[in-house]
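Subject: Handover of a structure and notes on it

Dear colleague,

Please find below the structure that I am handing over to you. My notes on it come directly after.

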Amino acid sequence: MGMSEASTGATATPGSMMATNPGAAHMMEPIGGNNVQQATETKGGQPLAFREENGVKVFELTTKAVQWPILDDVSVTAWTYNGTVPGPMIRVTEGDQVRVIVKNELDDPTTIHWHGVEVPNAMDGVPDVTQAPIQPGETFTYEFIAKPAGTFMYHSHYEGDVQVSAGLYAPFIIDPKEPASQPDIDKTLMVSEWLVRGGQTFAAMPMGGMEPNYFTINGKAFPATETINVKKGERVRLRLIGIGQFIHPMHLHGMPFKIVATDGHPVPEAAQLTKDTVSVAPGERYDIEFVATEPGKWMLHCHILHHTTNDNVEPGGLMLVFNVTE
Ligand SMILES: [Cu+2]
């Protein structure tokens, strides 16, 4: 997806496009690449294994394009970390020395930003500001101490409007050194959007002709979203992460919740709001907790109700079921 291709004027454009700046052409090209493989994994956001080298936790990521199923019969062309959407979860403990080796197998340059993690400036992943972009075929190593504890994420910072929308995002969880009481269920849910038209995938964004027609939680649209099974009386923590370009007021049926952390930082108990809906804006994280007191199949869904459709057909998109049993 280089500028030479963009300047030929052969760019496929979805719908009515308003951008006339040639520099904006990257937004309008379909997500693709020379080597798009079928995804071999079906679940994104799973914990990434690491090795220990002299007290450093070493993780390896490879950026690559895959066909990623968001529904049984709908796949998107996604740019991924290690072949899944979201990419694999990096989960470490506060104070850990972390090294992440990133190999770029995309046709485009990329970088990684450690969103909310307090890293040294040179590790912040902003192209041409804190580092040179990682060119196709190149490898770059990030290294930093994991701090503070909380719910964070990592994502591309290179042409982020396209690359993040295309799937280059994943959870980064830092557990406290001395954890407070642990919930029985601890789920991280990353919310985003897609534009699929004519069998091609485009980066969805809030501009004319680029609005999304699919919406995913952890890379899946309802009914392909995970059903979360909970026993009555269990305490549930959800780490909601907005990583698309739209705001999503996430509403839980059946049981109110408390907002226990915002953007990774704990909310003092006296300040914790009791809510049944929380708007998750792009880049934000909300950790919410509730006790599953009522048996039944309870929905968590976005309350912009168009976001609970698949290509304009309800039900779909940003819905998932909590199955609370005795
Ligand atoms: Cu929404």
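**Conventions**

This is a predicted model, in which local features need pLDDT of at least 70 and side-chain atom pairs count only at pLDDT 80 or more, whereas totals for chains, interfaces and linings use all residues. Residues are numbered from 1 along each chain as its sequence is written, and side-chain values use heavy atoms, with hydrogens and water left out.

**Copper site**

The copper ion has as its protein donors His 248 (ND1), Cys 302 (SG) and His 307 (ND1), lying 2.0 Å from it. Donors here are N, O and S atoms within 2.8 Å of the metal (3.2 Å for Na, K and Ca); water is not among the atoms, so sites may look incomplete. Along the sequence, the donor residues follow the spacing H-x53-C-x4-H. Distant parts of the chain are linked by the two histidines: His 248 belongs to strand S16 (residues 248-252), while His 307 lies in the loop between strand S22 (296-302) and strand S23 (319-325), 59 residues apart. Strands are DSSP runs of E with at least two residues, and helices are runs of H or I with at least four, numbered from the N terminus. Both His 248 and His 307 are buried; buried means under 20% relative accessible area, exposed over 50%, and partly exposed in between (1.4 Å probe, protein chains only).

**The sheet that contains S16, S22 and S23**

Five strands form an open sheet of mixed pairing, in the order S14-S23-S22-S16-S20. Two strands pair if DSSP finds at least two bridges between them. At the edges are S14 and strand S20 (277-280), each of which pairs on one side only. From one strand to the next, the twist averages 20°; axes are lines fitted to C-alpha atoms (for helices over the stretch in contact), and angles run from 0 to 180 degrees between N-to-C directions.

The individual pairings are as follows:

- Strand S14 (residues 228-231) and S23 are parallel over four bridges, and Asn 229 has Asn 323 of S23 as its bridge partner.
- S22 and S23 run antiparallel, joined by six bridges; Gly 296 is partnered by Val 324 in S23.
- S16 and S20 are antiparallel, with four bridges, and His 251 stands opposite Thr 277 in S20.

In S23, six of the seven residues are buried.

S5 runs parallel to strand S10 (residues 169-175) over four bridges, and Val 92 has Ile 174 in S10 as its partner.

**Cavity**

How many cavities of 30 Å³ or more does a search of the whole structure find? The search returns one, and about 50 Å³ of space lies in the largest cavity. A cavity is a set of points, on a 1 Å grid over the protein atoms alone, where a 1.4 Å probe fits but cannot get out; lining residues have an atom within 4 Å of a point. Grid points are joined across faces, edges and corners, and a volume is the space filled by probe spheres set on the points. Its lining includes Gly 32, Asn 34, Ala 65, Glu 105 and Asp 107. The lining residues divide into three nonpolar, four polar and two charged (Ala, Val, Leu, Ile, Met, Phe, Trp, Tyr, Cys and Pro count as nonpolar, Asp, Glu, Lys and Arg as charged, and the others, Gly among them, as polar).

**Backbone details**

Most residues other than glycine have a negative phi, and most peptide bonds are trans. The exceptions noted here include these:

- A cis peptide bond joins Glu 314 and Pro 315, with omega about -5°; Pro 315 is in the loop between S22 and S23.
- Lys 147 and Pro 148 are also joined by a cis peptide bond, with omega about -10°.
- Asn 54 has a positive phi of about 50° and, at 83% relative accessibility, counts as exposed.

With kind regards

Notes: On a 1 Å grid over the protein atoms alone, a cavity is a set of points where a 1.4 Å probe fits but cannot get out, and a pocket is an open set with protein on both sides within 12 Å along at least five of seven lines; lining residues have an atom within 4 Å of a point.
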